[in-house]
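Work through the exercises below with the sequence and the structure open beside you. Try each task before you read its solution.

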Amino acid sequence: MNTIQKLIFNNVPLQNGVVQAKVTLSYQLFGQPVGSAPLVVVNHALTGNSQVIGENGWWQSLIGNDKIIDTKKYAVLAFNIPGNGYQDVESLIENYQDFTTCDIANLFWKGIDSFKVNQVFAVIGGSLGGAIAWEMAAIRPKAIANLIPVATNWKASDWLIGNVLIQDLILNNSKNPIHDARIHAMLLYRTPESLQEKFQTKLQNSEGLFQVESWLLHHGEKLQNRFQLSAYKLMNHLLKTTDIFKNKNQSEVIKSISSNIHLISVNTDYFFTANEIKTAFQEIKNYKNNTFYHEIKSIHGHDAFLIEFEQLNNILKPIFN
């Protein structure tokens, strides 16, 4: 069943004390029926959605029949982060600053509860999706067998918070907000080396436009055509709210999580740096043995988790086989 399903929750209490009158949580299911096979929850990144497999699936090289996350073997559940507007502009959220990744994680658990499932085989997500995976583990530390946060961390860094501020200013002040914010973001998701290798300072046309400029403008237009402004504001804002230790004791939170934890970083990522993910790994190792650190080697920076499929497949193979 690949059609989008919806759950409506009324009077949802948020972390900051606000009660949200109504939240729509939509999702898609792939593979085996939930309850008949191990459940894998896949969390999407900032501009992603619940379509994880098939022709338009953003993680199709990872998930599907006979892929690493094999839909012949697993039930795969992918939620849309509420307010992302995927095939549903009625459910956009304007009061975006009221929400945190912890609130989204709570809503995902409410969604999982609707299937009457107590145990999840794996929760995997990249970037923002991985941050939500961390929050899910902190909320229900015994419910996930394998926690796989990719190119992300359990707490927003100052660098991330600073860049979220720049994105927010562009989104609220630019004449062309989605387009312009996306162009700035694309430079955060790649590296100088990646762009140099790709374009080699070549001109696109006789008017003097560089290929890199053309590529950035194309990405700006592409997102503008498929994304809503309020959705972008919310997804961007959520990044800076990640902190699984908020008002809690760090060692107690870590000790309580029973999952096998697989941290996956990218050596050239400067959105969520490999260094900060390594630091988290060292911290966890003080309390838990079933924790593993993996590193994707790539010149492409943060976006490598969507580009270096072979390396990611090799890392994930032992977990899903």
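**Exercise 1: the second largest pocket**

Sort the lining of the second largest pocket by class, then name its residues.

Solution. By class, this lining holds two nonpolar, seven polar and one charged residues, where Ala, Val, Leu, Ile, Met, Phe, Trp, Tyr, Cys and Pro count as nonpolar, Asp, Glu, Lys and Arg as charged, and the others, Gly among them, as polar. The residues that line the second largest pocket are Thr47, Gly48, Asn49, Asn84, Gly85, Tyr86, Gln87, Arg226, Phe227 and Gln228. A pocket is an open set of points, on a 1 Å grid over the protein atoms alone, where a 1.4 Å probe fits, with protein on both sides within 12 Å along at least five of seven lines, and lining residues have an atom within 4 Å of a point. The volume of this pocket, the space filled by probe spheres set on the points, is about 150 Å³.

The model is predicted, so local features need pLDDT of at least 70 and side-chain atom pairs count only at pLDDT 80 or more, while totals for chains, interfaces and linings use all residues. Residues are numbered from 1 along each chain as its sequence is written, and side-chain values use heavy atoms, with hydrogens and water left out.

**Exercise 2: the largest pocket**

Describe the largest pocket by its volume, and find which helix gives the largest share of its lining.

Solution. Begin with the volume, which is about 790 Å³. Of the 27 lining residues, Thr47, Trp58, Arg182, Arg226 and Leu306 are the closest to the centre. Next, turn to the helices (DSSP runs of H or I, at least four residues, numbered from the N terminus): helix 4 (177-189), helix 6 (211-226) and helix 10 (304-307) each supply at least two residues of the lining, and helix 6 gives the largest share, four residues. Finally, the lining divides into 14 nonpolar, eight polar and five charged residues.

**Exercise 3: an aromatic pair**

What kind of aromatic pair do tyrosine 74 and phenylalanine 320 form, and which parts does the pair tie together?

Solution. The two rings are 5.6 Å apart centre to centre with 85° between the planes, which makes the pair edge-to-face; rings of Phe, Tyr and Trp (its six-membered ring) pair if their centres lie within 6.5 Å, and planes under 30 degrees apart count as stacked, over 60 as edge-to-face and the rest as tilted. Tyrosine 74 lies in the loop between strand 5 (69-70) and strand 6 (75-79), and phenylalanine 320 in helix 11 (residues 309-320), so the pair ties together parts that are 246 residues apart in sequence.
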